[in-house]
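Below is a report on a structural model, arranged by topic. The sequence and structure come before the text.

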Amino acid sequence: MTETTKTPVLQIDNYSLDYRTATGAFHALRNVSLDITPGEILGLVGESGSGKTSLAWSIMRYLPGNAREVGGAIRLGGEDLAKKSAAEIGAIRGKRISMVFQDPSTSLNPTLSVGRQLSEVLMRHRGLTRKQAWAEGEEMLARVGLKTPAQMMARMPHEASGGEKQRVVIATAFACNPECIIFDEPTTALDVITSRQILNLFVELQAETGVASLYISHDLALVSRTAKRVAVIRRGEVVEQGEVSAIFHDPQNDYTRQLIAAVPNPAIRLVESRPDATAAPLVKVENVSVHYGRKPFFAALTGRAHERVVGNRAVSLSVQPGEILGIVGESGSGKSTLAKAMTGLNPFEGKIWFDGKSISGVSDMDTGYRKDVQIIFQHPDASLNPRHRIGEILSRPLKLYGGEGSGSQAQKIGDLLEQVSLPRSHADRYPHQLSGGEKQRVAIARAFASKPKLVICDEITSALDVSVQASIVRLLLELQRVHDTAYLFITHDLNLVRQIAHRIAVMYHGELVEIARAEDISSPDRADYTRRLIEAVPIPAGTTAAAN
Amino acid sequence: MSPNYILKRIALIFYTLLVVSLIVFAITQILPADAAVMMLGENATDQALDALRQRMGLNDPVWMQYAHWLIGIVQGNFGTSLRTGQPVGPVMFEALGRSLLLALLSITFMLILAIPLGIIAAIRRGRVADMLVSLISYVGVSLPEFVTATVAVLLFADWLKWLPPTGYVPLTENFGSAIAHLTLPVFVISIILIAHVSRMVRSELIDVLHADYIRSARLKGLSGSSVLMGHALRNALLPTITIVALDVGYLLGGVIVVEEIFAIPGIGRQLIVAIQARDLPAIQAGVLIMAATYSIVNFLADMLYAALDKRIQYD
Amino acid sequence: MLKLNRRLFLAGTAAFVATPAMSFAQAAAPVKGGTLKVSIDQAASVIHPLLTRVNPEYLITELLYSNLTRLKVDMSAEPDLAESWNSNEALTEWTFKLRSGVKFHDDSAFTATDVVETFKAILNKDNASPARNNVGPIDTITAADPLTVIFKLSGAYADFPVALAYTTARIIPAAVATGDFKQLSTKANGTGPFKLVSYEPDRLIVVERNPNYYDPARPYLDRIEIQVFPDTSAEGSALIAGDIDLISTLQPTEYLRLDGSDGLDLLRVASGQFCNINFGCDTKPFNDVRVRKALALAVDRKAMVDFVTEGFGTPGNDTPINASYRFAAKLTQREANIAEAKKLLADAGYPNGFEATLVASDRPAVRTQLAVALKDMAKEIGVTINVQTMPHATYLEQVWKKGSFYVGFYNMQPTVDGIFKLLYTSDASWNETRWNNAAFDKLVNEARGTKDEAKRTALYADAQKLMNDEVPSIIPAFFDVLGAKRNWVQGYEIHPRASVFRLDYVSLTAEAPKRG
Amino acid sequence: MTEFLKRLLRTPQGAIGVAIVGLVLLVVIIGPWVAPHDPESLAPLQRYKGSSLTYLLGTDQYGRDIFSRLLIGARATVIMAMLATLAGTVVGALIGTTSAFLGGRADEAIMRTIDAVMSIPSLLFALLVVNLLGSSIVNALVAVAVAFAPGMARITRSVALSVRKQDYINAAIARGESARFVIVREMLPNVIAPIIVEMTIRVSFAVMLFATLSFLGLGAQPPAAEWGLMVSEARRYMHLSAGILIWPSIAIALVAIGFNLLGDGLRDALNPRA
């Protein structure tokens, strides 16, 4: 604990923040105390609504009109920021304390060139002329690892990739050698491999400049790999803070424990069953290709050739009865496209064999197929019709496929709800009266109403908080054990899929890279892309990457 | 913005005109008026009418009349007015010129007022200034032109005697007098547009001010005014190009009433006169020219927008 | 003969009510020069002198062309291109001596041939000139010599010289009459006091002085600009502002508004201009005279004068003739009598009244006002009237002369014969009512060929009495003709005919604004 | 529903809008019973009177009570505007949903045609239609409806398309629901809300369009107490008594403002983001 002897750069002292709402005061932050010393990285971990972003805004003095600071102080280099005038804050922001945001595609002004946005901070805080700032900006871009800084300066944000943009944002944050930088989920909007690179860049620059960093994230695994010290925040209160290793190995607080337990850890398998590899496959996908779009009007007129967007290219795979097949890949890799093709939401070329029947188009998907193949979507908000009650939503599959057994409709709906650990009374509620996790449970109940043989889970946990995600995954596995349902589990979360899948299919740019058994996925024999993917994924601290 | 897109847009203009020509031709076909009777008047004998019908091709099948009419237009011949016996095209285009002058002045005047109002309302959101602008715009969009026109004439011409009540003086004849005559019409047309556009500017600017990149700019330490001028305004005002272009359709409608009241011989008044007199060739030409104007203005606005906003990638 | 004719017409002008504001004697000698700005209330769509239809168009062709005769304010004919005229005793052959040395605007000489060909064109059915039915029963027309024309009529016609002043009987060059007749739709070539400078039908028509006009004294003005004002209140405002000098036709409401404004002269003359409610006398229920009479008895004529003329008018007595005409008969004024009307309706088989749709075009607005007022008055006798308005053009197309219950609006005609033959005889140009009363026809035909003043008066009195009894149309009110001018305009007399303007007599005083 | 109403009333637009529209609808319902005078009976001696206890807002050119005429005319004006908007919306919604449902080339063809139709200013379009059918209040209604339909078709289509992209629609399709069920039960309830907002705002345009048509002599027929017609008739008498013109003008503006505010309030209430 040598750092404590240093004077903290940023000192948050018993700080409380309220938001005034129509229904009374909402306590966003309660008696938060945090210190960050020079050169230190403090990780701040919390689920959505925990107040972690509110804290960032408080530090940056960027609070909405209904915010009330009800106690405590935030000090930068010993100066109370709350006592600064607006002009003084303007001089501090970007110069002494700066910030890196979650989504680089929205944090850059789309109509101004990258160079203009980088150089304006240099002109503002370091008094450089436009020309000097531009030259300096180029250097900064080179420093954050951009290959062609001069060209990059002249580009508009939409002409740069997500990773490049985030590098620009980071360059801007480091531009004036600030004392403190706040990183607010800087990699969440990026692909796995890109975010790994950004993370590496951050670590590198941080070591180089010794800037005090507050690293905000929902991802405990990520924080554990980056920060020295970590604080866990819940409902506006810091429930626990300390050294990463201490927190991970010996969490004192229940919530922390729960959070750590919920983090997917590839070392811990959650599924013991083994599907019968010799049985006839339940579903076989043969050379399925999906193209988006059609010839545009004018091209059709002129007869010009037109390149159609490819969603999938000749994907072939099979799922055994009762098997959990994980499909991983970056966004745009074609995972969801496949799911949509299999449920008749996208037209496709090629063939799907299900239970021995051949299906070559939507018209072949009869009620029997519909009943046997169910899909659950990513956002429960979007997949439940906001104007239907839960009971009504659950009654549809019963009506369509004729629920088994006796008992009234209401009874069956109650059973379905109980099956997913929801009270029977929820049948009378509307979706917006339910929490995110509850809604996803309803969606699961709807999928299982028809006792399907295959359930396609399309990123069903990625919109949820870690702890909720864990409980949903538990529910799914429980249902799988009971009904011996096969899953096509689509996700970008490699750690999670390694915990639950029997086999994992890796997709990249619409093509199937390879399929491997879950335990073999980290083997060095894997395809190049698979290996890069595995390497890029942070593994929670205290566990080894090659757990098996 | 690919050449393909531009070509597609131009093709769409022609499609638009084709559709409009069909609609207007259909309407004028059904209109209970006989072009020959219109031309010869009520004292014509049946023989004279029949001879004229023959000569005008009114006894031909409908599709043939349509084809002849369309071919004529392609050759720049919009037909002859049943009312005055003059060729319709030149009259309509001359009238269009006057209307466009009126429209252009109105848009300029409107922008000069609407943009600052919208900006003030947005940055003083929820304050008195915002409410005042809101109030003005709610009242503004709720007053039909003929009411504002009547009141404006009563107030500025009859009572205060600041401005001439109505009439039209060509710019080339007497510039000062021309502007004086145009002031009230421009004012009346602008009111609804000001109300509409200032609301649009306000909501666009509020949206932009809530955008992440504005927050980024503020958190880079930039002052409120430089964020507004350097980052927000440009992005908020770009969409108003399209809004203003869409408003041109409304403007052309408003011009009809305003021109009628202020006796401005623009295309709107020509159309009213033509409609009331059932002057079919004039109706056809007028509607077609109005639709073409609207399409071309929107095309130009899209091009301008695309040129100014590098983000837009049309395919 | 000329003298006799003139006296004959002057004798009947006692009924003419002089404009109080006007006093010709006080006016200073007219000064030459200046530009007059005149407003008209609707577009001058047609400027072909033989095809014009509405007052604003008459105003323009009157400036550009000449007739053989001209209609004075007292409704008598005065020489125009004809210097003098006489007729045979039977009133069937008329000889006109033409003015010599007159030139058309294109410098070609005016001769008897032009007159002959003009009238042939007017009488040619294919040309569809409204004048064809209004210039009298012309049988043949010949040029005796270059300056003499002889008209042979198919029947005796005492009012022939007045008829020749008709608004669409302007003289055009023979070459046009026999050649490209339509060419005058967009240009002008007449012998009138002014020449056409520019013509925009919906905005502005400009004429300038014709230096070769046959009267070296006139016109006084260098230039006249005729501006179109579709909106009457804007027209009034423009006069107040001094943007225009003269309103050719003024609405009563605008008269009230302008009255008392500085620098304006309000002009008013009693006239035979009227609105009527036409019955299709061949259509149920209006084929029953009791029904027509019942409706006529429902009308409160004093209230009607108030509603539709704002007091600028006189009650009508269901004949188109009022005191402004010579030969107006003194009939008992019909008053509202609800009980009598109900009784007539019951007799006719409508004890509970009936329902009918009354069509009124939107121009001029008094038609609608009249319809609305009648609707309310007819309620009293149990008749339900639905008012339907429509654009004037549609009305002309669909209802006029065809409908059986609609509101008409007519200018005063120069003579009693003119109005009867225009609207009410079986052979009327516009036989709207299909009254087709043989007795009435006989009276009118006899009167037009009668030289004897007393006998003619008696014949016309009988005709009016007959009409008052049979009510082919309700004529509830007559309008005064109204106008307004800046007081720097002098020499303008408002004409009860409403379609005659005589702007060549107008001049501007020194106070008039100088206009380039 | 009560929660929704609360949200609606919380915004100033919503509260004022509800108040004005409520008042107007009240007048629509009870107007004829509370009108102190016969709106159509002429009174030669009572013309151009100013405000008094007998004639609250004065009398018009025929001596009719303006206040009574406004009360009775509310039906003609507001109901007609609402009906026209409703008719235009229904037609537009049918076209829009059909287009969104058909998709592909048919959708493109329909939408391009709609765009083309929209290049004719709606006032002009309405003028042409009324002229074609003849001027009457029913025909004006048809004209306004026809003029509104293309715009509503576009809006419906865009709303329908965004709803169509929602996963609950995908879920229904993947479940094998019939097209009819998807459209009627799943899509329609979600499409209706934004359309009601748009409709509400358009009622104010309809009121103004009606007034303008009447001003040009193509709307309601005299002696109807339709407000637009009242203004248009009053124009010639405004120099004799300004009230004849001003009161119906205010009535039109008030209704237009009311529906505008209500529409904005509804939009805010339906959209929690704002």
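## Fold of chain A

In chain A, 71% of the contacts with a separation of 6 or more are between residues 24 or more positions apart; two residues are in contact if their C-beta atoms, placed from the backbone, lie within 7 Å. This is a predicted model, in which local features need pLDDT of at least 70, side-chain atom pairs count only at pLDDT 80 or more, and totals for chains, interfaces and linings use all residues. Residues are numbered from 1 along each chain as its sequence is written, and chains are lettered from A and ligands numbered from 1 in the order in which they are written.

Chain A holds 21 helices and 20 strands, taken as DSSP runs (helices H or I, at least four residues; strands E, at least two) and numbered from the N terminus. Chain A has a radius of gyration of 26 Å, close to the 24 Å of the globule rule for 548 residues, so chain A is as compact as a globular protein of that length. The radius is taken over C-alpha atoms, and the rule is 2.2 Å times the number of residues to the power 0.38.

## Domains of chain A

An automatic or database domain assignment divides chain A into domain 1 (3-262) and domain 2 (366-454 + 461-482). Their C-alpha centres are 39 Å apart. Seven residues of domain 1 of chain A contact five residues of domain 2 of chain A. Helix 11 (residues 254-262) of chain A supplies three residues, the largest share of the domain 1 side.

## Chain pairs

Five pairs of chains touch, and chains B and C have the most contacts among them. Chains A and C do not touch, with their nearest C-alpha atoms 44 Å apart.
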